[in-house]
Amino acid sequence: MASLSDSVASQSQSTVTQTYQAAQPLQSKLEHPSLSGNIIKHIPRSARPHCAAQLATTIKKIIAHPEDSNTWIQLLNYGEKLLLVPPRSGRKHNIANVMKKRTMKATPIVAVHKPASSRLPARSDGLELSMAVRSKLEDGNIRAAVRIICSDEKPALTNDATLDALRQRHPPASIDRSVVPDPSTFNAVSVTESDVIKAIRSFPAGSAAGPDGIRPQHLLDLITCKEAGKELVSAITALINLLLEGRCPSEVATVLFGGRLFALQKKSGGVRPIAIGYTWRRLAAKCANNYATSQLGDTLLPMQLGIATPGGCEAAVHATRRYMATMSDNSVLVKLDFRNAFNCLHRDRMLKTVADKIPGLYRFCWLSYYNVTQLRFGDSTIWSEEGAQQGDPLGPLLFCLTIQPILQSLSSELVVAFMDDVTLGGSESTVASDITTISNIGPSCGLQLNTSKCEAISNT
């Protein structure tokens with residue numbers, strides 16, 4: 001059980017150094033897997049031993065040869081090879097038997113091709129909504145179903161206009177990007193099997209799959225298998241520690257740390273990008289996030305309530321209301337809005353912050369964000385070059401940690417933030433001075449105030 005993790009730890013740091021020297025923000029020749037059909041949501045019990053053993057074998061190949069891109073490609077194609085829903089052919093299929101045969105390579109995989117568009121023209125918005133809600137209810141995620149019903153946003157059409165809007169939301173890298181520290185000079189944190197199991201179980205019910213079709217539910221199905229679950233947990237733990245070590249070919253990282261991209265049409269106009277990354281990346285990021293929050297403690301409090309603060313949003317609202325109730329005549333309350341904040345945050349500044357505050361995660365964050373990553377929208381590719389990627393479980397912490405020095409430099413009586421939503425309260429002159437400070441310092445981090453959406457309240 002310990003041999004896999006030990007083999008990762010015993011590797012020299014030369015691989016990381018070579019990766020750092022070779023890595024450049026260039027487009028990779030590798031692309032996301034193209035699924036030729038639907039992926040099953042749950043793995044049948046009788047097929048789990050076979051699928052778990054096959055997955056463990058695939059991961060062990062990566063552990064043995066992490067520099068070989070082909071071993072990683074086998075992992076990214078696992079869903080396509082084993083978990084496709086059998087095609088309809090006029091007879092009833094036993095899915096478990098089909099999957100067993102696939103693991104033994106007894107039968108070829110035949111799948112029904114899906115239309116390229118993620119939105120069929122014949123479906124009305126009401127039908128789209130009902131199907132999304134039903135899917136969440138079937139997965140047991142009632143909270144997500146309620147959130148979909150109450151939302152004013154709807155899926156945007158997959159067309160050139162939406163593609164252009166999404167590309168505008170993902171800006172190119174800053175031309176004056178500074179040099180970041182060499183990852184080979186940092187020691188990486190490692191996680192245990194219990195940490196990995198806890199992270200897998202922490203995914204909400206019905207969590208979506210990445211481009212390879214693998215869902216967190218698939219991993220949960222397989223690690224709970226009595227016959228091969230223990231071996232698989234050991235293999236997955238070694239894989240996560242490998243990623244935390246930053247050991248992955250740069251051309252693979254460009255794909256693995258990308259994802260599927262969807263767009264929601266805002267009621268006020270414009271689109272909201274929604275990225276869904278690979279389950280492997282999200283799992284590693286969850287483990288990293290748990291480590292980071294345990295190390296940072298309450299260092300972001302009391303200004304930043306968006307990270308590791310239960311009821312943080314409610315606390316921010318109550319603090320603001322309490323301040324408004326006691327505002328003097330010469331005081332003002334201002335709610336600030338940043339333009340496309342998460343996608344515009346400069347990655348060099350973000351990585352330097354990680355190196356300073358949580359050095360044990362620097363290798364992983366460098367692997368995640370030093371290179372550009374591929375986001376697939378329909379049949380098109382959008383390159384992510386700046387910002388903390390939406391859908392990354394570690395992204396909110398990286399964002400909040402990077403902007404914390406700006407919040408600490410402010411002098412207003414009330415400074416409260418919930419991630420990128422910042423509220424200031426105090427005398428008019430002090431608040432005005434703080435807004436000037438944010439306007440001057442923010443661009444160095446990639447942040448620009450959206451003055452058209454900022455709001456001010458006063459007693460005068």
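1. Helix α9 (residues 160-168) has Thr162, Leu163 and Leu166 as its buried residues; buried means under 20% relative accessible area, exposed over 50% and partly exposed in between, with a 1.4 Å probe and protein chains only. These three sit on the same side of α9 because they cover an arc of only 100° around the axis, the arc being that of the directions from the helix axis to the C-beta atoms. An α-helix has 3.6 residues a turn, so residues three or four places apart point the same way.

2. A quick word on provenance: this is a predicted model, where local features need pLDDT of at least 70, side-chain atom pairs count only at pLDDT 80 or more, and totals for chains, interfaces and linings use all residues. Numbering runs from 1 along each chain as its sequence is written, and side-chain values use heavy atoms, with hydrogens and water left out.

3. Helices (H or I, at least four residues) and strands (E, at least two) are DSSP runs, numbered from the N terminus.

4. Now for His32, in the loop between α2 (14-22) and α3 (48-64). His32 is buried, at 4% relative accessible area. Its contacts (heavy atoms within 4.5 Å) include Pro211, Val255, Tyr278 and Arg376, leaving aside residues up to four places away in sequence.

5. One more on His32: its C-alpha atom is 8.2 Å from that of Leu76, 44 residues apart along the chain.
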